[in-house]
Structure formats: C-alpha cells, structure tokens
Amino acid sequence: MSDAPFFQGEEDQVPTATRRKKRLRERWLLLSLIGLVVVALIAVAAILGFYGKSAKDALDSIERDPTIMPTGVRPSPVPTKEGQSKPPLNFVLMGTDARNPDERGRSDVLMVMHIPGDRETAYLVSLPRDYWVDIPGRGNAKINAAYSWGGPALTVATVEQLLDIPIDHTAIINFEGFKDVIDALGGVTVVNRHASSSGGMDFPKGPVDLTGESALRFVRERKNLPDGDFSRAERQRDVIKAIVGKLTSKGVLTNPAMFRDAVTTLGPNFTVDSGLDNGTIVEIGLGMRITSGDSIKSLMAPTAGFGTSADKQSYVQVDGKKLDELATALRTDTMAEYYAAHG
C-alpha cells in the first residue's frame with residue numbers, strides 16, 4: 001500500500017498525476033483500536049489510573065457513524081462454542097482511497113479481524129482488493145467496488161455474504177493516523193521478508209526499523225515484491241503486529257508521555273459504527289487476554305490465481321473450497337485449527 005494497488009503492468013498505464021493523487025488519498029487500515037488498542041491498551045488502562053484518563057480521552061475523540069453497518073437480512077449469529085463463556089467477535093477493518101469529499105472512492109485495504117471466544121488471540125484475514133465476489137444487489141465484481149457503490153455498509157454486507165458470518169463492528173482509519181502513531185511510539189521494528197527499495201528508501205531483508213514515513217513506504221510497496229499485492233498485504237499485517245508489540249512493551253507502558261501521545265493520536269483518526277461505544281470497547285478490552293504482537297495471527301483469504309472478466313478487468317479468483325473451510329472455521333470458532341493448516 002506500491003503506491004497504487006494495481007496488478008503488474010497496469011500502473012504503467014496510469015498518468016503520473018493520478019498516481020500522485022492515489023498516494024495522497026491513501027487511507028490505511030485500522031491498526032490499533034478494536035482488538036489492538038483495546039487489546040494492548042484499554043485492558044491495561046482499566047488498571048492504571050493515569051493511563052485510564054489518556055485512554056478515555058482517546059475513546060471520546062473517536063467518530064461514531066450509524067450508517068456504516070448494513071441493514072436488512074444478515075447472517076445468523078455465531079453461537080458460543082462449548083466450553084467458552086463468550087461468542088467470537090468479527091470486525092471489518094478498512095481503509096479507503098476517496099479522492100475528495102464528493103467522491104466515495106474504493107476500499108484500498110480490507111481485512112476481517114476475528115477474535116475467538118477464549119479472547120487469547122486475534123486473527124487478521126486480508127481480503128485482496130481485487131477479489132472477484134458477488135456483491136449484493138450488484139452481481140460479480142472486485143470486492144473493493146462495493147465501497148464505491150454503497151460505502152462501508154455495502155462492503156460489510158459483501159463480506160458477510162462471502163463468509164456467512166455476521167460482522168459485529170466496523171472501523172475505518174485515516175492513513176495519517178497510522179503514520180503519526182508510529183512516530184509517537186518512537187518507531188517500530190519488523191522482520192522484512194523481502195528486500196526492496198521505494199522512494200529512495202532501502203528495506204533490506206531481516207530486521208528493519210521504521211518511522212511513520214518509512215512505514216508508509218514499506219507497506220505501500222508492491223511492484224518490487226515477489227507476490228505483488230499479496231506480499232504487500234503480508235507487510236501490512238506484519239506492521240500491525242509490530243505496533244501491537246511496541247504498544248504492549250515495557251518501554252511504552254512505563255513511559256507516561258509516550259503512552260499518552262500514542263493513544264491520544266489514535267482516536268481522532270478513527271470512524272467506527274455507533275454500536276462501538278466506549279462502554280463496549282472497554283468491555284471487550286477487559287475480556288481480552290492478548291499480551292503481545294505474537295498473539296496476532298495473520299493470513300490471506302484463499303485465492304486460486306487470476307482471471308479476466310468479460311469487460312477485460314484482471315481480478316483475483318476465489319478458491320471456493322478453501323474459502324468454505326475458512327467460513328466454517330469462523331462460524332464454529334475453530335480458527336486455531338484452520339490457521340495451523342493454512343496460516
């Protein structure tokens with residue numbers, strides 16, 4: 001998140017000005033609020049008095065939007081697994097590429113975050129932006145088209161239909177928040193899987209220290225990675241895990257100024273559904289048992305190569321059999337088993 005999310009060769013056909021607009025309008029994924037800030041911070045904040053106020057200030061500044069969840073017929077609730085006291089939770093996390101206030105744009109980044117009933121893990125499942133799926137009321141198209149046609153609500157409805165699970169909550173983040181939070185944390189370190197260069201910055205294979213600006217370069221890169229968009233999505237998930245690890249590190253939790261700067265930077269950059277009020281966030285946070293980025297498991301939704309539509313669009317094909325396995329794991333709270341086999 002290369003600067004634009006096209007397939008190999010397509011970007012070369014796009015004017016430089018358009019590519020520049022894409023860089024400027026990039027919106028990035030939810031990186032630390034529900035399940036991440038909640039997991040990493042709110043549960044801690046509930047215990048530590050000073051941090052409690054910082055966390056509350058951050059939560060109070062979050063925008064709630066009652067229109068970003070779908071209405072009408074939706075999948076049946078996921079039951080509580082035997083032996084668990086709570087049902088699993090599912091969130092849609094998205095970043096958009098809206099060019100201006102009068103244009104909706106498309107969702108550049110789309111993930112499902114699944115929190116099992118035991119609350120000990122979180123699974124980040126990247127959905128390729130060019131996934132060829134059935135969009136309710138519209139027919140087959142790339143999944144990111146749902147946002148341009150019907151905003152977050154249609155995007156969520158598309159994900160619900162695709163995976164046959166109800167989405168409990170939705171969150172959107174402005175990419176500037178992503179950049180600022182990393183800087184407030186003093187940077188993060190990731191283990192880079194593939195050496196690359198972008199915008200004059202070099203990212204060698206192995207541990208890489210990232211500032212907010214270099215992290216944006218790092219997660220935008222696509223053209224110089226072996227699997228294009230898939231490798232880029234992998235980087236996105238790796239950076240999320242690094243942020244969680246840094247947020248929960250002793251150096252941050254024992255540094256009042258750094259903690260305060262990080263959490264108060266988060267809130268104004270998020271838009272969530274109206275059901276995700278402060279009380280709900282704190283309740284989820286108090287129930288979480290995640291203590292580090294290692295508890296965040298990441299994977300890509302199953303794919304089956306590429307295809308071309310009747311109107312000559314290149315798209316990512318869904319692996320129907322494996323997607324059914326993923327959907328079953330999400331509905332039966334057995335993601336641990338699915339991840340062991342496919343993660």
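This is a chat about some features of a predicted model.

Q: Before we start, what kind of model is this, and how are the residues numbered?
A: It is a predicted model, in which local features need pLDDT of at least 70, side-chain atom pairs count only at pLDDT 80 or more, and totals for chains, interfaces and linings use all residues. Residues are numbered from 1 along each chain as its sequence is written, and side-chain values use heavy atoms, with hydrogens and water left out.

Q: OK, how many aromatic pairs does the structure hold?
A: The structure holds three aromatic pairs. Rings of Phe, Tyr and Trp (its six-membered ring) pair if their centres lie within 6.5 Å, and planes under 30 degrees apart count as stacked, over 60 as edge-to-face and the rest as tilted. One of the pairs is formed by tyrosine 123 and tyrosine 339, which are tilted, with 5.9 Å from centre to centre and 55 degrees between the planes.

Q: Where do tyrosine 123 and tyrosine 339 lie?
A: Tyrosine 123 is part of strand E4 (residues 122-126) and tyrosine 339 is part of helix H12 (residues 335-342), so the pair ties together parts that are 216 residues apart in sequence. Those labels come from DSSP runs, numbered from the N terminus (helices are H or I with at least four residues, strands are E with at least two).

Q: And is tyrosine 123 buried or exposed?
A: Tyrosine 123 is buried at 5% relative accessibility, whereas tyrosine 339 is partly exposed at 25%. Here buried means under 20% relative accessible area, exposed means over 50%, and partly exposed is in between (1.4 Å probe, protein chains only).

Q: What about the rings of phenylalanine 203 and phenylalanine 218, how far apart are their centres?
A: Their centres are 5.4 Å apart and their planes are at 70 degrees, so phenylalanine 203 and phenylalanine 218 make an edge-to-face pair. Phenylalanine 203 belongs to strand E10 (residues 201-203) and phenylalanine 218 to helix H6 (residues 212-220), and the pair links these distant parts of the chain, 15 residues apart. Both phenylalanine 203 and phenylalanine 218 are buried.

Q: What sits over the ring of phenylalanine 218?
A: The charged end of arginine 235 does, 4.0 Å from the centre of that ring. A charge counts as over a ring if NZ of Lys or CZ of Arg is within 6 Å of the ring centre and within 35 degrees of the ring normal.

Q: Changing topic to strands, how many bridges join E14 to E15?
A: Strand E14 (residues 303-308) and strand E15 (residues 314-318) run antiparallel and are joined by four bridges, where strands pair if DSSP finds at least two bridges between them. Glycine 307 has tyrosine 315 in E15 as its bridge partner. The two strands form a hairpin with five residues between them.

Q: What is phi like at aspartate 333?
A: Aspartate 333 also has a positive phi, near 60 degrees, and is a residue other than glycine. Aspartate 333 is in the loop between H11 and H12, and it counts as buried at 7% relative accessibility.

Q: How do E5 and E6 run?
A: Strand E5 (residues 132-135) and strand E6 (residues 139-142) run antiparallel, with four bridges joining them. Tryptophan 132 is partnered by lysine 142 in E6. E5 and E6 form a hairpin with three residues between them, and glycine 137 in the turn has a positive phi of about 80 degrees.

Q: Last topic, how far apart in space are leucine 326 and leucine 163?
A: They are 7.7 Å apart, C-alpha to C-alpha, while being 163 residues apart in sequence. Leucine 326 is in helix H11 (residues 320-332), and it is buried with a relative accessible area of 0%.

Q: And where is valine 208 found?
A: Valine 208 is in strand E11 (residues 206-210), and it is buried with a relative accessible area of 6%. Valine 208 and threonine 189 are 5.5 Å apart in space, C-alpha to C-alpha, and 19 residues apart in sequence. Proline 207 is in strand E11 too, but proline 207 counts as exposed at 65% relative accessibility. Proline 207 and valine 190 are 17 residues apart in sequence and 5.5 Å apart in space, C-alpha to C-alpha.
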